[in-house]
Amino acid sequence: MTITARLNIGESLGDRVMKVDHAGEHGAVCIYRVQKWFARWRAPDMVGDLDHFIAHERGHRALFGQELLRRGQRRCRSYLWCGLGGFVLGAITGLAGRHAIAATTVAIERVVLTHMYEQIEALAGIDQEAVAILRHIILEEQEHHDVSLASMNPHGFWRRLLEPVVGLSTHAVIWLGMNLRNR
């Protein structure tokens, strides 16, 4: 699949990728923070994993933020919307418990990993700074996917419900961030 983007004047594909991924990491931090709050009650043994994921996502957000600063780019207009959406998704799935928390992470990370590999392919040879950041982050995103996959019922209700809904929503948020004017 090819990456499409509607770029602003003076904006490169790498700039837009950094903006959209920065906003996505903010959404991920919000999802995990709210899930952690509910996990204390609904799935206490998941709190450690969620703390670990939050630390990674904060680090990813900081890397993208530093790269945007280096490039002289502002954050994506969807940054706050991703945070709000993350808060809502985290609350719903955190309240639903262990399998919903894990299924949400698996669904999101599946889309994010595919998207990041596509970004690397599109940016290879034209924006090595962006490629290096993406390669670094992919390893931790894969870990989130794998740990969560091991924590959920592979044929359960939450996976059947959340995988298509959360996966499609994640695709939509990425597409909007890449294709709407971003000034």
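Colleague: Why is Q73 called buried?

Modeller: This is a predicted model, and in it Q73 has a relative accessible area of 19%. Buried means under 20%, so Q73 counts as buried. Q73 sits in the loop between α2 and α3.

Colleague: On to V34. What makes V34 count as buried?

Modeller: V34 has 10% relative accessibility, and the cut-off is under 20%, so V34 counts as buried. You'll find V34 in helix α1. Once neighbours within four places in sequence are set aside, V34 is in contact with F87, G90 and A91.

Colleague: And how far is the C-alpha atom of V34 from that of G94?

Modeller: Those two C-alpha atoms are separated by 6.9 Å, while V34 and G94 are 60 residues apart along the chain.

Colleague: Are C30 and C76 buried or exposed?

Modeller: Both are buried. C30 has a relative accessible area of 14%, which is under 20%, so C30 is buried. For C76 the value is 4%, so C76 is buried by that cut-off too.

Colleague: What makes a group of residues a nonpolar core?

Modeller: The members are buried nonpolar residues, such as Leu or Met, joined through side-chain atoms within 4.5 Å. The largest nonpolar core here has 44 residues, and M18 and L134 touch the most other members. Elements that give two or more residues to this core are α1 (13–42), α2, α3 (79–96), α4, α5 and α6 (157–179). Of these, α4 gives the most, with 13 residues.

Colleague: Why would such side chains gather like that?

Modeller: In soluble globular proteins, nonpolar side chains tend to be buried together. As for M18, leaving aside neighbours within four places in sequence, M18 is in contact with F64, E67, L68, R71, A130, I133 and L134.

Colleague: What makes a space a cavity, and how many of 30 Å³ or more are there?

Modeller: In a cavity, a 1.4 Å probe fits but cannot get out. A search of the whole structure finds one of 30 Å³ or more. About 40 Å³ of space lies in the largest cavity. Its lining residues include M46, F53, I101 and S151. By class, the lining has six nonpolar, three polar and one charged residues.

Colleague: What about the largest pocket: what is its volume, and which element gives the largest share of its lining?

Modeller: The largest pocket has a volume of about 900 Å³. Its lining has 43 residues, and the closest to its centre are G24, C82, S169, T170 and V173. Elements that give two or more residues to that lining are α1, α3, α4 and α6. The largest share, 11 residues, comes from α6. By class, the lining divides into 23 nonpolar, 13 polar and seven charged residues.

Methods:
Residues numbered from 1 in each chain as written. Predicted model: local features only at pLDDT ≥ 70, side-chain atom pairs only at ≥ 80, totals over all residues. Heavy atoms only, no water. Buried < 20%, exposed > 50% of the residue type's maximum accessible area, 1.4 Å probe, protein only. 1 Å grid on protein atoms, 1.4 Å probe; cavity = no way out; pocket = protein on both sides within 12 Å on 5 of 7 lines; lining within 4 Å. Points joined across faces, edges and corners; volume = space filled by probe spheres on them. Nonpolar A, V, L, I, M, F, W, Y, C, P; charged D, E, K, R; others polar. Helix = DSSP H or I, 4+ residues; strand = E, 2+ residues; numbered from the N terminus. Contact = heavy atoms within 4.5 Å.
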